[in-house]
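Here are my notes on the model, as numbered points. Please read them with the structure open.

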Amino acid sequence: MELNELLLGKGIDPRGVIVFRHRPNEPELNKVFPLLAADRPDLFNAYQQTHGEKVEKAMLSAEHVASFIRHGSGKALFIGAFAIRKTTPLTQAQYWRVPAHAELRKLGMRGFVTGSRSSCLWFDLKSIDFYSEWKGKLIVDWPPPERSWWRRAHRNQMSIHAVLEDSALDTAMQKWNELDLTWSQLSILPKRWQAKLAEWRGIYYIFDSSDAKGYVGSAYGAENLLGRWRNYGTSGHGGNRLLRQRDPTNFRFTILELVSPTMPPEEVQWLESNWKERLHTRQPYGLNDN
């Protein structure tokens with residue numbers, strides 16, 4: 001069985017299909033791209049809606065896109081299929097005014113930069129029901145060479161390698177004491193991670209990599225750590241006077257200690273103060289107020 005047979009089985013002519021095997025060149029974005037594929041379809045689609053001139057030309061003569069992400073050497077993991085509708089030219093200024101592009105930029109995407117051309121094409125890609133139940137489960141063999149990340153479906157043989165029982169996108173959460181998140185990653189946490197963080201209360205640490213100073217805080221209110229970190233993800237500073245003066249793209253978020261969900265707030269606050277003393281995060285050595 002091949003991908004082209006699946007396309008024909010749904011009444012889609014492979015001659016009008018472009019197949020993507022996404023693997024962002026930007027290291028930070030590439031690291032979190034499976035998370036976007038899993039839980040942020042808006043950002044995933046925004047990423048694939050603009051391209052270089054060669055891919056633009058190919059898409060203008062196509063009707064559909066079949067999207068995959070890299071899944072090890074010579075393999076591709078199915079994410080979804082999209083109908084190609086209208087196109088819109090975007091200048092660089094217009095490109096970066098798109099909210100999803102601005103969010104992807106926070107995750108490391110370089111995006112469209114002016115060079116030999118003053119604008120790029122934005123493709124309106126509409127998700128279609130094409131084996132949607134196989135998202136994250138269907139694996140196909142990707143023909144060599146590996147560096148060729150897009151293909152015309154009818155010119156390539158992509159054999160079905162496997163259909164997994166469970167989605168490969170369901171990333172198991174790390175242990176609480178192994179979490180190390182950037183500020184930009186707070187906005188793309190997988191749903192199962194969010195559920196866990198909403199259950200956990202405790203003491204967290206924010207490390208500023210620009211000057212190696214740290215901030216100790218505690219979470220015990222609504223949605224516990226999830227609620228507190230969402231606040232940082234939105235504002236960048238969580239209302240803290242000293243953090244407000246800093247660039248949140250340099251922040252790393254970790255957990256120092258988990259506490260009982262029923263621990264009284266005053267006891268959590270005592271633990272927070274104790275951690276501040278032990279890690280010397282009060283001014284002038286750290287980012288906590290005296």
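Is Phe-78 buried or exposed? The points below start there.

1. This is a predicted model. In it, Phe-78 has a relative accessibility of 1%. The cut-off for buried is under 20%, so Phe-78 counts as buried.

2. Phe-130 is buried too, because its relative accessibility is 2%. By the ring-centre rule, the count of aromatic pairs comes to 14. Phe-78 and Phe-130 form one of them: their ring centres are 6.0 Å apart and their planes stand at 70 degrees. An angle over 60 degrees counts as edge-to-face, so that is the label for this pair.

3. The Phe-78 and Phe-130 pair links distant parts of the chain, 52 residues apart. Phe-78 belongs to strand 3 (residues 75-91). Phe-130 sits in the loop between strand 4 (119-128) and strand 5 (138-141).

4. Phe-251 and Phe-253 also pair edge-to-face, because their planes are at 70 degrees, with the ring centres 6.5 Å apart. Phe-251 has 0% relative accessibility and so counts as buried. Phe-253 is likewise buried, with a relative accessible area of 0%.

5. Now strand 1, residues 17-22. Six of its six residues are buried. In a regular strand, side chains alternate between the two faces of the sheet. Here both faces are covered. Val-17, Val-19 and Arg-21 are buried on one side. Ile-18, Phe-20 and His-22 are buried on the other. Note that Arg-21 and His-22 are on these lists.

6. What does strand 1 pair with in the parallel sense? The partner is strand 2 (residues 64-70), over six bridges. His-22 has Ile-69 of strand 2 as its bridge partner.

7. Strand 1 also runs antiparallel to strand 6 (residues 150-152), and three bridges join them. In strand 6, Arg-152 is the bridge partner of Ile-18.

8. Two charged side chains lie over tryptophan rings. Lys-106 is over the face of Trp-183, at 4.4 Å from the ring centre. Arg-278 is over the face of Trp-275, at 4.1 Å from the ring centre.

9. When you inspect the model, begin with strand 1 and its bridges to strand 2 and strand 6. Finish with Lys-106 over Trp-183 and Arg-278 over Trp-275.

Note on methods
Residues are numbered from 1 along each chain as its sequence is written. This is a predicted model: local features need pLDDT of at least 70, side-chain atom pairs count only at pLDDT 80 or more; totals for chains, interfaces and linings use all residues. Side-chain values use heavy atoms; hydrogens and water are left out. Buried means under 20% relative accessible area, exposed over 50%, partly exposed in between (1.4 Å probe, protein chains only). Helices (H or I, at least four residues) and strands (E, at least two) are DSSP runs, numbered from the N terminus. Two strands pair if DSSP finds at least two bridges between them. Rings of Phe, Tyr and Trp (its six-membered ring) pair if their centres lie within 6.5 Å; planes under 30 degrees apart count as stacked, over 60 as edge-to-face and the rest as tilted. A charge sits over a ring if NZ of Lys or CZ of Arg is within 6 Å of the ring centre and within 35 degrees of the ring normal.
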